[in-house]
Amino acid sequence: MTFDPWTKVSDLPLGKTAGIFGLLYLVYYVLYAAYAVTLSPLAKVPGPITRKVSYLPCVIMNMRGRESHAVRDLHRKYGPVVRVNPEMVSFTGPTAWKEIYGYPGVKKFKKFGYRELRPGVPDLLTANGADHARQRAALNRAFSEKALREQEHHFQEHIDLFLSRLDEKCSESQPLNITQWIEFLAFDIIGTLAFSSSFHCLEDRGYHPWVLLLLNFFKSTHYVLAARMCGIFFPLILALGPIRDLRKGEEHLRRSYAKVQERIKMPEDDKRNDFWTYISRQNEQKEGSMSVEEMEVNAALLIPAGSDTIATALAGCLYLLLKHPDTLTRLRQELEAEFRSDADITMARLAGLPYIRAVVDEALRMYPPISGELRRAVPTGGAVVCGHFIPGDTIISVYALASCDNASNFAQPKQFTPERWLTTDERPDWTRNDHLEASQPFSVGPRNCIGMGLAYAETKLILTRLLFRYDLELLDDEFNIENQKVYVMWQKPPLSVNLRRRAV
Ligand code: HEM
């Protein structure tokens, strides 16, 4: 059959129609690729040609859970400004955090491409402008120093149970995957802080089904974000990802909403001091600071944001300490000089100890719980970022792993050296040119982590009480950070240890 150009497309057989569309797409794509590497205002931003002309390398690495590592490697090769995909640029310069997320940055660069949990109802992470300011004000009290002091007994009680469970394991003299027990503890604590109702993982010695759903929730969010980059191929990429994980993500949302409804119906109790107590007080004083629907979506945000991040920070601290016995010895010296017994260990006393803080800062540098992109959009008209003019509608980001594991920012970045975080006269000479401001695991500015104070206090408390009670021996290197995958959060492998109770 000869091809008549005036034949209507609908009259052609299906195969031919597909062929024509395929050809048109190919022509479009070749023109687009030529534009991307020559005339596009981003053409001169360094990066491999494949990333300039296609989203595919970025999508593939995301689906494999290796994009944070890949972007880190691109920066090592191409320098502090790198093209991650046709519309996105990543920065590692030491001022990048401040310029993009700090106070002036936040006014200029709006959050972009975040997954709204319930369309039309922004949560704290996705809200913009006035909505964000209002919700942040409503939640601020729940994260104040005062609230943390009032809640400390919850942390201590959960840690008591955590340690008694580890005592049982200790007597079994079996290798222990401590990552799992740290996750039990972190989830139980957030259940109590958020809803006055623990997940009871420690009591039951196992994951609550909701906690398992959450781990799938991260993965499903990750796949949706990766698939969105593929435009018309969105459904195809989603289909390649685990669709069932998406359904489990939905289940997490349903459970969070139900939990808020349950909590709202609880009778008044002056002694209760979970997050909703502080939000309700704020709501009474400033009517309507947060609607019930907003409480529901924020519950779905706070549980994962406040649990897996802490578990990652703790597992990272432990792994790195166990790999570096001299650092562990120095930390023990600081703790033993301050505390005579387990009962002495409090958040307030830990706040004054410099070395444990340096250990946590260094672990967060090498193993940042949020290691990937925090996308922001450049406004129409463009903007200068780290000395580079970036055209309007470009997506910009710092990737924490890329910025922290980078020899331009930190001397010997692979070396676990808490001393680099001490005061100037205590720092080793070879770390003096480090750009400490390049490690911002909680981000900076008005949209930084609202739970930062809580996270430091919780991580230090658990770590100290654990080290005070046990000698730990690392049994293998399965936890090796370099080999891990990231699906929004790190997929933490087992951290196998032997525990021995210390004589005190
Ligand atoms: C080591 C632990 C933690 C790390 C490294 C961490 C990191 C971060 C980062 C990087 C952001 C900025 C996200 C963005 O710009 O898109 C953020 C935001 C947030 N984090 Fe955390 N986080 C931690 C613990 C917590 C805890 C314990 C909570 C609550 C219990 C929490 C709640 C939140 C919330 C609600 C936001 C959104 C804040 C806003 O947009 O105003 N985080 N966190």
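This is a predicted model: local features need pLDDT of at least 70, side-chain atom pairs count only at pLDDT 80 or more; totals for chains, interfaces and linings use all residues.
Trainee: Hi! Let's start with the ligand. How many residues surround it, and which are the closest?

Mentor: The ligand has 23 residues around it, and the closest are G306, T309, C449, G451 and A455.

Trainee: Which elements give two or more residues to that shell?

Mentor: Those are α15 (292-305), α16 (308-323) and α21.

Trainee: And how does the shell around the ligand split by class?

Mentor: There are 16 nonpolar residues, five polar ones and two charged ones.

Trainee: Where does C449 lie?

Mentor: C449 is in the loop between α20 (400-404) and α21 (452-469).

Trainee: Is C449 buried or exposed, or partly exposed?

Mentor: C449 counts as partly exposed, because it has 19 C-beta neighbours inside 10 Å. The cut-off for buried is 20 or more.

Trainee: Which residues is C449 in contact with, leaving aside its neighbours within four places in sequence?

Mentor: With those left aside, C449 contacts F442 and S443. S443 is worth a look too: its phi is positive, about 65°, although S443 is not a glycine. Most residues other than glycine have a negative phi.

Trainee: Where is the place of S443, then?

Mentor: S443 sits in the loop between α20 and α21. With 17 other C-beta atoms within 10 Å, S443 is partly exposed.

Trainee: I also flagged H200. What is its phi?

Mentor: H200 has a positive phi of about 60°, and H200 is not a glycine either. You'll find H200 in the loop between α9 and α10 (201-204).

Trainee: What does H200 touch, not counting residues up to four places away in sequence?

Mentor: On that count, H200 touches D188 and H208. H200 is partly exposed, since 15 other C-beta atoms lie within 10 Å.

Trainee: Changing topic: how many residues does the largest nonpolar core have?

Mentor: That core has 124 residues, and L314 and C317 have the most contacts inside it. Helix α9 (residues 178-195) gives the most to this core, contributing twelve residues.

Trainee: What is C317 in contact with, leaving aside its neighbours within four places?

Mentor: Beyond those neighbours, C317 contacts V359, V360, A363, T459 and L463.

Trainee: On to the sheet. What order do the strands have?

Mentor: It's an open sheet of five strands, ordered β1-β2-β8-β5-β3, and the pairing is mixed.

Trainee: How many of the residues of β1 are buried?

Mentor: Five of the five, so β1 is largely enclosed by the rest of the structure.

Trainee: How many bridges join β1 to β2?

Mentor: Four, and the two strands run antiparallel. N85 has M88 in β2 as its bridge partner, and a hairpin through two residues joins β1 to β2.

Trainee: And in what sense do β2 and β8 pair, parallel or antiparallel?

Mentor: β2 (residues 88-91) and β8 (residues 395-397) pair in the parallel sense over three bridges. S90 stands opposite S397 in β8.

Trainee: What about F112, where does that lie?

Mentor: F112 lies in the loop between β3 (110-111) and α7 (129-140). Leaving aside neighbours within four places in sequence, F112 is in contact with R375, R376, A377 and I395. Take the pair F112 and A377: they are 265 residues apart in sequence, yet 5.7 Å apart in space, C-alpha to C-alpha. F112 counts as partly exposed because it has 18 C-beta neighbours inside 10 Å.

Trainee: Last one: which residues does UniProt list for "transmembrane region"?

Mentor: The unreviewed UniProt entry lists 20-42, 223-243 and 299-322. In the model, residues 20-42 are 78% helix and 0% strand, with the end C-alpha atoms 31 Å apart. Residues 299-322 are 92% helix and 0% strand, and there the end C-alpha atoms lie 35 Å apart.

Note on methods:
Residues are numbered from 1 along each chain as its sequence is written. A residue is buried if 20 or more other C-beta atoms lie within 10 Å of its own, exposed if 12 or fewer, and partly exposed in between; C-beta atoms are placed from the backbone. Two residues are in contact if their C-beta atoms, placed from the backbone, lie within 7 Å. A nonpolar core is a set of buried Ala, Val, Leu, Ile, Met, Phe, Trp, Tyr and Cys residues joined through C-beta atoms within 7 Å. A residue is near a molecule or strand if its C-beta atom, placed from the backbone, lies within 6 Å of it. Ala, Val, Leu, Ile, Met, Phe, Trp, Tyr, Cys and Pro count as nonpolar, Asp, Glu, Lys and Arg as charged, and the others, Gly among them, as polar. Two strands pair if DSSP finds at least two bridges between them. UniProt positions are given in the numbering used here, feature names are shortened, and annotations may be inferred rather than shown by experiment.
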